[in-house]
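Hi,

Here is the structure I said I would send you. Have a look around it first, then read my notes below.

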Amino acid sequence: MIEAGHFLACLSLTLSLGLAYAGLRGDRGLAGRLAFGLFAALGLSFLTLINAFLTSDFSVELVAKNSHTLKPLLYKFAGTWGNHEGSMALWCLVMAGFAAAGAQWMRSGRPDFEARALGVQGLLTSGALAYLLFASSPFLRLDQPPLQGADLNPLLQDPALAAHPPMLYLGYVGYSFVFAMAAAGLMEGRIDRVWARSVRPWAMAAFVPLTLGIGLGSYWAYYELGWGGWWFWDPVENASLMPWLVGAAFLHSVVVTEKRDSLRAWTALLAVMAFCFSILGAFLVRSGLLTSVHAFAVDPTRGALLLAGLLAYGGGALGLFALRAPHLQGGAPHLMVSREGALIGNNLVLSVATLTVLLGTLFPLVAEAFGQALSVGEPYFNLTFTPIMAVALIALPVVQAWSWGKADWTLVWRWALGFLAVVGAFMLAGVALWEIPLLSGAGFALGVWLVFGAAREIWRRAGRVDRLWRFPARVWGMTLAHAGLGVFTLGAVGETALRFHTTLALAEGQSVEVAGWTVQLDDVEAIEGPNWYADRASLTVSRAGETVLLQPQKRIYPAARMPTTETAIHSFGTSDLYLALGDRRTGEGAARWTFEIFINPMISLVYWGVCLIGLGGVLSLLPRRGSGADGGRAAG
Amino acid sequence: MIKVLILSCVWPFLQVAATLDDPAAEARAQDLMREIRCVACENEPISQSGSEIAADMRARVRDMVSQGYSDEEIRDWFVARYGAFVLFRPPVGGLSGGLLWGLPFFLFLAGAGALILQRRNGSLIDEVEAVAADHPDGSGE
């Protein structure tokens with residue numbers, strides 16, 4: 001079976017080289033057919049890999065190293081991409097999938113351009129496939145298959161982690177198609193309104209899964225690692241944040257190109273850079289260059305190959321860009337105070353934020369090369385990234401009302417007063433009522449300001465209730481995404497400012513008061529799952545009129561010889577009471593168990609915010625309704 | 001002698017619950033623990049790590065907080081002992097510190113300055129107004 005998969009993958013490489021050739025020569029019809037063929041061949045090949053995992057075929061090296069007969073079916077299935085080779089196969093498959101989707105749904109009215117985009121996508125897929133086949137083949141057999149596999153890293157045996165890599169890859173790899181369209185546009189020297197209109201949906205199709213993928217990864221880290229936090233500014237997290245930031249910048253600048261035919265060179269550059277940052281992320285994660293708690297498949301030689309790929313593709317595209325950029329001037333003129341100015345400001349902030357994340361992530365490496373060992377973590381990003389992003393968030397409700405070309409500047413003072421009033425009120429209330437630092441009060445004000453700003457903007461455009469429902473989905477998408485930013489900000493500030501954490505040691509039957517809750521340890525029992533055994537604590541947690549049973553576990557996966565913490569979370573309102581089971585301590589008297597207990601206020605707003613941003617993206621992908629003129633009028 | 005032995009057995013268990021009584025001091029200690037790196041782990045602050053040395057380092061932070069040391073003095077103590085590597089908040093001083101902390105703000109201000117200068121000329125205003133006159137509905141989505 002796996003040999004058939006291997007053969008199909010080799011066939012795919014031939015097909016994708018053919019796609020590159022046909023596409024770059026401008027044969028749209030043939031390129032389309034080859035793209036479908038490529039996707040079908042690679043899809044079948046991937047199915048043989050999934051089959052090997054589902055049937056626990058340990059004669060396949062990859063399965064023997066990463067699976068186990070006792071593993072639940074879902075994780076056998078998801079285990080296919082829970083390792084380096086399998087995830088690279090998924091990477092190639094998604095690339096081919098975007099080629100096929102592009103062949104089917106690209107609508108630019110320019111067959112030459114579409115053929116070239118497919119051709120570049122074929123070129124990118126060929127590189128990825130060559131890397132898969134020659135440097136990290138998942139199709140290798142073992143001479144002497146073992147009777148049992150070594151099991152998947154138990155941290156990855158989790159529903160969120162089953163869905164997280166495919167989502168993240170849809171995003172990362174989705175930008176390959178944006179890259180391909182940018183390269184095709186640059187080859188023709190036609191980066192214009194038609195180009196912008198045809199690229200935007202594809203950039204959105206990458207942005208939405210990337211957003212949700214990062215959200216899922218963060219949620220997984222929150223409940224699986226047992227540390228109570230949701231973002232650690234870890235190099236692997238930063239690697240996924242950078243393409244997201246560049247992608248967000250692109251979604252804003254492409255609007256300027258689409259509506260006003262200006263900012264063309266910059267938009268093309270961002271389209272190229274989003275995918276470069278995706279490969280850079282894969283390189284940083286897979287090379288083992290940076291130490292991380294999330295890195296699961298590390299190999300320096302593969303890193304070198306990924307770096308070579310990044311330099312070849314990135315360098316090629318940037319060379320092309322340098323050649324064409326001087327001819328990409330023009331478009332409607334505008335002043336600084338205009339919608340163009342606002343979107344350029346957005347791009348300035350997002351670009352500097354991206355570079356800040358890059359700087360903070362790579363700086364320890366550079367410093368090490370100069371013989372200086374240092375660490376860059378949360379405090380650095382909180383003091384650099386956060387205030388720079390805050391500038392954009394403060395400005396957003398004000399500048400999104402600005403019109404194209406030249407906007408009314410005088411209203412800004414009224415907005416500034418409004419903002420200061422909101423901030424002042426929240427700072428006062430924060431200090432007087434909630435006893436939080438001034439800055440946290442300002443953070444809450446910012447979240448409320450953003451949600452209010454989103455609502456205000458759509459109301460300004462509508463003016464009447466019945467008009468709200470006649471807006472194009474795209475306007476609603478933008479409103480929801482911006483409101484989502486506000487909701488996210490509220491959650492992030494609330495969690496940071498109000499969180500509570502302590503470590504307890506409890507004997508069975510003992511109870512203790514923590515932050516208004518009574519926590520009682522009923523018992524701790526040994527339980528067994530399909531491929532693990534665990535200590536499971538049962539705790540009765542109660543406060544006035546509310547009693548819940550929480551059962552955190554500490555699991556051992558014998559096949560992988562690794563422990564994991566299974567936290568127990570009780571959500572009340574938007575907050576979580578979060579329990580992680582620690583060690584058993586024997587000393588004087590009865591044995592005690594340690595617990596990490598966290599109260600994480602407003603944490604669910606972080607995830608709701610991310611979902612809203614994703615939902616906004618989905619909405620803006622919906623096709624325009626028939627009466628486009630009416631929508632345009634209403635939006636004016 | 002026996003007393004000492006018993007004490008040394010009990011000590012680790014006592015240590016677990018040894019959070020500081022003053023909530024403000026404990027919060028300060030926890031904030032510090034989030035920015036001090038465990039020297040035996042991959043990339044974790046001592047607030048998260050389960051390793052023994054991290055537990056010792058946490059105890060040291062709480063000790064120093066309760067003895068009235070300032071945040072800065074506690075950070076300096078750890079840097080003197082383990083090197084700058086131990087802080088997730090890299091030092092501000094020196095060439096590397098200046099570059100690391102200054103560059104983001106420099107880029108932002110330089111970018112904003114360049115954009116504003118580029119848009120500040122009179123002919124541009126005339127041009128925009130001419131275009132606006134041609135298309136009275138100058139706004140879109």
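Let's start with chain B: of its contacts with a separation of 6 or more, 41% are between residues 24 or more positions apart. Two residues are in contact if their C-beta atoms, placed from the backbone, lie within 7 Å. Before you go further, keep in mind that this is a predicted model: local features need pLDDT of at least 70 and side-chain atom pairs count only at pLDDT 80 or more, while totals for chains, interfaces and linings use all residues. As for labels, residues are numbered from 1 along each chain as its sequence is written, and chains are lettered from A and ligands numbered from 1 in the order in which they are written.

**The two chains**

Chain B has six helices and zero strands, so its elements simply read α-α-α-α-α-α from the N terminus on. (Helices are DSSP runs of H or I with at least four residues, strands are runs of E with at least two, and both are numbered from the N terminus.) Of the 141 residues in chain B, 24% are buried. A residue is buried if 20 or more other C-beta atoms lie within 10 Å of its own, exposed if 12 or fewer, and partly exposed in between, with C-beta atoms placed from the backbone.

Chain A has 20 helices and ten strands. Its radius of gyration is 26 Å, close to the 26 Å that the globule rule gives for 636 residues, so chain A is as compact as a globular protein of that length. (The radius is taken over C-alpha atoms, and the rule is 2.2 Å times the number of residues to the power 0.38.) The C-alpha trace of chain A spans about 80 × 70 × 55 Å along its principal axes. Buried residues come to 55% of chain A. If you take the contacts in chain A between residues at least 6 apart in sequence, 75% join residues at least 24 apart.

**Where A meets B**

Two packed helices are described by the angle between their axes and the distance between the axes. Here axes are lines fitted to C-alpha atoms, for helices over the stretch in contact, and angles run from 0 to 180 degrees between N-to-C directions.

Helix α12 (residues 339–369) of chain A packs against helix α5 (residues 94–118) of chain B at about 165°, with the axes 10 Å apart. That makes α12(A) roughly antiparallel to α5(B).

On the α12(A) side, the residues in contact include Leu348(A), Val352(A) and Phe363(A), and on the α5(B) side they include Leu100(B), Phe108(B) and Leu115(B). Sorted by class, this contact has 14 nonpolar, three polar and no charged residues. Ala, Val, Leu, Ile, Met, Phe, Trp, Tyr, Cys and Pro count as nonpolar, Asp, Glu, Lys and Arg as charged, and the others, Gly among them, as polar.

Which residues does Val352(A) touch, leaving aside its neighbours within four places in sequence? They are Ile388(A), Pro104(B), Leu107(B), Phe108(B) and Gly111(B). Val352(A) counts as buried because it has 28 C-beta neighbours inside 10 Å. Ile388(A) is 36 residues away from Val352(A) in sequence, and the two are 7.9 Å apart in space, C-alpha to C-alpha.

**Helix pairs inside chain A**

Helix α14 (residues 385–399) and helix α16 (residues 438–462) of chain A have axes that come within 8 Å and cross at roughly 35°. Their crossing is left-handed. The residues that make the contact include Leu393(A) of α14(A), and Trp449(A) and Arg456(A) of α16(A). By class, there are nine nonpolar, one polar and two charged residues.

For helix α8 (residues 193–224) and helix α19 (residues 603–621) of chain A, the axes come within 9 Å and cross at roughly 165°. α8(A) and α19(A) are therefore roughly antiparallel, and their crossing is left-handed.

Trp233(A) has a positive phi of about 55° although it is not a glycine. Trp233(A) sits in the loop between α8 and α9 (235–260) of chain A. Is Trp233(A) buried or exposed? Trp233(A) is buried, with 20 other C-beta atoms within 10 Å. Asp261(A), also not a glycine, has a positive phi of about 60°. You'll find Asp261(A) in the loop between α9 and α10 (264–287) of chain A, and with 16 other C-beta atoms within 10 Å, Asp261(A) is partly exposed.

Cheers

Methods:
Parallel < 35°, antiparallel > 145°, perpendicular 65-115°, else oblique. Left-handed = near helix turned anticlockwise from the far one by under 90°.
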